[in-house]
Amino acid sequence: MARKKYAIVGAGGRAKSMFAKPIATTFKESAELVAICDVSQVHMDYYNTDVLPSPVPTYKSFDRMVKEVPFDTLIVTTRDRFHSDYIVKGLKAGKNVITEKPMTIDEKRCRAILDAEKKSRKKVTVTFNYRWAPPATLIHNLVQAGELGDVVTVDMHWPLDLRHGASYFRRWHSHREFSGGLQIHKSTHHFDLVNWMINDVPEKVSAQGGLDFYGKAGPFRNDKCRGCPHQKKCQFYIDIRNWEFNNKFYIPAEKETGYIFDQCVFHESINVEDNYQVMVQYKGGARLAYSLQAFAEWEGYRLEIQGTTGRLEYLERHDTHDWEAKEDVGIVVMKKDGSRQVHTPPKGEGGHGGGDLPLQRALFEGGKDPYGRLAGAQAGANSILVGVAATKSMQNNNAWVKISDLLKG
Ligand SMILES: NC(=O)c1ccc[n+]([C@@H]2O[C@H](COP(=O)([O-])OP(=O)(O)OC[C@H]3O[C@@H](n4cnc5c(N)ncnc54)[C@H](O)[C@@H]3O)[C@@H](O)[C@H]2O)c1
């Protein structure tokens with residue numbers, strides 16, 4: 001079988017473990033990594049010395065890479081802000097594009113991607129790995145099999161614990177210009193799950209939220225943990241030099257990327273919300289109430305879906321690093337006749353609750369996708385636009401924002 005050729009733009013932490021290494025090892029029979037592009041030569045050199053079994057050409061110029069190296073599919077894994085630039089360029093160059101979530105960070109960039117895909121003969125795939133976690137797939141299948149009748153309301157609440165939540169406020173994610181805010185960067189996963197599980201399209205959004213724990217809300221601050229005078233009293237103090245990877249990868253690249261991996265979580269420049277509540281009205285009539293707090297005492301999600309004939313409840317607790325469910329309560333479906341069934345999802349292997357590995361198999365080995373888990377650009381748009389609308393609503397006295405207005409331009 002001819003191997004498909006892939007090039008990566010954005011040789012960071014995620015691309016290393018999700019794409020570069022798996023392509024070059026687990027999937028080497030069907031896939032081949034032929035080039036990488038990044039603003040950081042340090043990052044690309046690390047891939048060639050420490051990640052890949054044999055080195056590949058590296059490029060600081062994306063246009064040069066496209067000109068010099070033939071490939072089929074572009075994988076976009078830069079910081080979120082730059083996804084759209086490369087997705088559009090990739091499509092124009094006649095490549096299929098696989099992009100990490102969020103597809104992009106605002107409505108203008110979103111429209112550019114949808115237009116470019118329409119004009120091309122190529123396809124954008126958004127890697128919504130959460131769809132591939134066994135409990136999420138099972139919930140989707142139960143709802144789509146009509147177990148609950150017509151969906152009327154969905155409640156999804158997703159606290160992030162202090163360890164995981166704080167990690168976003170140490171990094172580029174804490175600046176809206178790079179991530180769009182957590183309602184886009186993080187909640188794109190969650191909004192996509194709901195859109196996909198109930199097979200509906202969001203119509204309008206209202207939200208409230210704030211920055212109440214990190215950033216200016218904190219008790220003291222410094223630029224970064226290294227050299228911080230508050231380190232003895234700060235529960236968020238970390239010495240990133242204790243991890244060998246950081247010493248070889250993120251720290252030596254700081255001059256090239258401007259990315260400080262241990263930015264103070266109370267830094268004054270932080271300009272994204274750390275908690276929010278979002279209401280979504282769907283075209284088909286369902287209503288979603290959603291919340292996220294990035295400074296919670298536990299992490300996981302609580303999901304309640306009320307239909308006309310049944311109700312589904314699910315609670316999943318995560319250890320933020322291995323995503324092991326801490327309480328295996330199963331997916332409970334209750335019916336109006338008083339019956340109650342507990343569905344136990346199969347245990348997943350690999351990262352993100354068992355989502356990463358089956359997604360990699362689908363991307364790099366092909367095969368059937370009976371549950372529609374491979375998402376396209378429209379699904380990428382439908383999820384980020386909820387976050388974009390939520391931001392606009394928060395900035396405008398919680399007004400309802402219509403998604404169709406965002407798509408009009
Ligand atoms: N699906 C998931 O579960 C998951 C998990 C982690 C990250 N991600 C996504 O993966 C992407 C990368 O995240 P990460 O954690 O690897 O971040 P990272 O900062 O480690 O990597 C980003 C890489 O992009 C490079 N870069 C930045 N600006 C660039 C530009 N203009 N042109 C070319 N390269 C540029 C950086 O030098 C870096 O190597 C993000 O979009 C993030 O949302 C997804």
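What follows is a set of exercises, each with a worked solution.

**Before you start**

This is a predicted model, in which local features need pLDDT of at least 70 and side-chain atom pairs count only at pLDDT 80 or more, while totals for chains, interfaces and linings use all residues. Residues are numbered from 1 along each chain as its sequence is written, and side-chain values use heavy atoms, with hydrogens and water left out.

**Exercise 1. Find the order of the strands in the open sheet, and say which strands stand at its edges.**

Step 1. Know the terms. Strands (E, at least two residues) and helices (H or I, at least four) are DSSP runs, numbered from the N terminus. Two strands pair if DSSP finds at least two bridges between them.

Step 2. Read the order. Seven strands make up the open sheet as S3-S2-S1-S4-S5-S6-S15, with mixed pairing.

Step 3. Look at the ends. S3 (58-59) and S15 (375-376) each have a single partner strand, so one side of each is left without a neighbour in the sheet.

Step 4. Zoom in on one pair. S1 (residues 4-9) and S2 (residues 31-37) run parallel and are joined by six bridges. Here Tyr6 stands opposite Leu33 in S2.

**Exercise 2. Describe the largest nonpolar core and the surroundings of Met65.**

Step 1. Define a core. Such a core is a set of buried Ala, Val, Leu, Ile, Met, Phe, Trp, Tyr and Cys residues joined through side-chain atoms within 4.5 Å. Buried means under 20% relative accessible area, exposed over 50%, and partly exposed in between (1.4 Å probe, protein chains only).

Step 2. Take its size. The largest core holds 88 residues, and Met65, Ile139 and Val278 have the most contacts inside it. Helix H15 (residues 377-394) gives the most to this core, with 10 residues. Apart from this core lies another, of 33 residues, including Tyr47 and Phe249.

Step 3. Look around Met65. Contact means heavy atoms within 4.5 Å. Leaving aside neighbours within four places in sequence, the contacts of Met65 include Ala7, Ile36, Tyr59 and Phe71.

**Exercise 3. How many residues of helix H6 and of helix H14 are buried?**

Step 1. Count in H6. In H6 (residues 134-144), eight of the 11 residues are buried, so this helix is largely enclosed by the rest of the structure. Among them are Pro134, Ile139, His140 and Val143. Just after H6, Gly146 has a positive phi of about 85 degrees.

Step 2. Count in H14. Seven of the 10 residues of H14 are buried, and the helix is mostly covered. Asp356, Leu359, Gln360 and Phe364 are among these.

Step 3. Follow Asp356. This residue is buried, with a relative accessible area of 8%. Asp356 and Met18 are 338 residues apart along the chain, yet their C-alpha atoms are separated by 7.3 Å.

**Exercise 4. What lines the largest cavity?**

Step 1. Define a cavity. On a 1 Å grid over the protein atoms alone, a cavity is a set of points where a 1.4 Å probe fits but cannot get out; lining residues have an atom within 4 Å of a point. A volume is the space filled by probe spheres set on the points, which are joined across faces, edges and corners.

Step 2. Search. The whole structure has two cavities of 30 Å³ or more, and the largest has a volume of about 100 Å³.

Step 3. Inspect the lining. Of its 13 residues, Cys225, Cys228, Cys234, Cys264 and Val265 lie nearest the centre. The lining divides into nine nonpolar, one polar and three charged residues. Here Ala, Val, Leu, Ile, Met, Phe, Trp, Tyr, Cys and Pro count as nonpolar, Asp, Glu, Lys and Arg as charged, and the others, Gly among them, as polar.

How values were computed
On a 1 Å grid over the protein atoms alone, a cavity is a set of points where a 1.4 Å probe fits but cannot get out, and a pocket is an open set with protein on both sides within 12 Å along at least five of seven lines; lining residues have an atom within 4 Å of a point.
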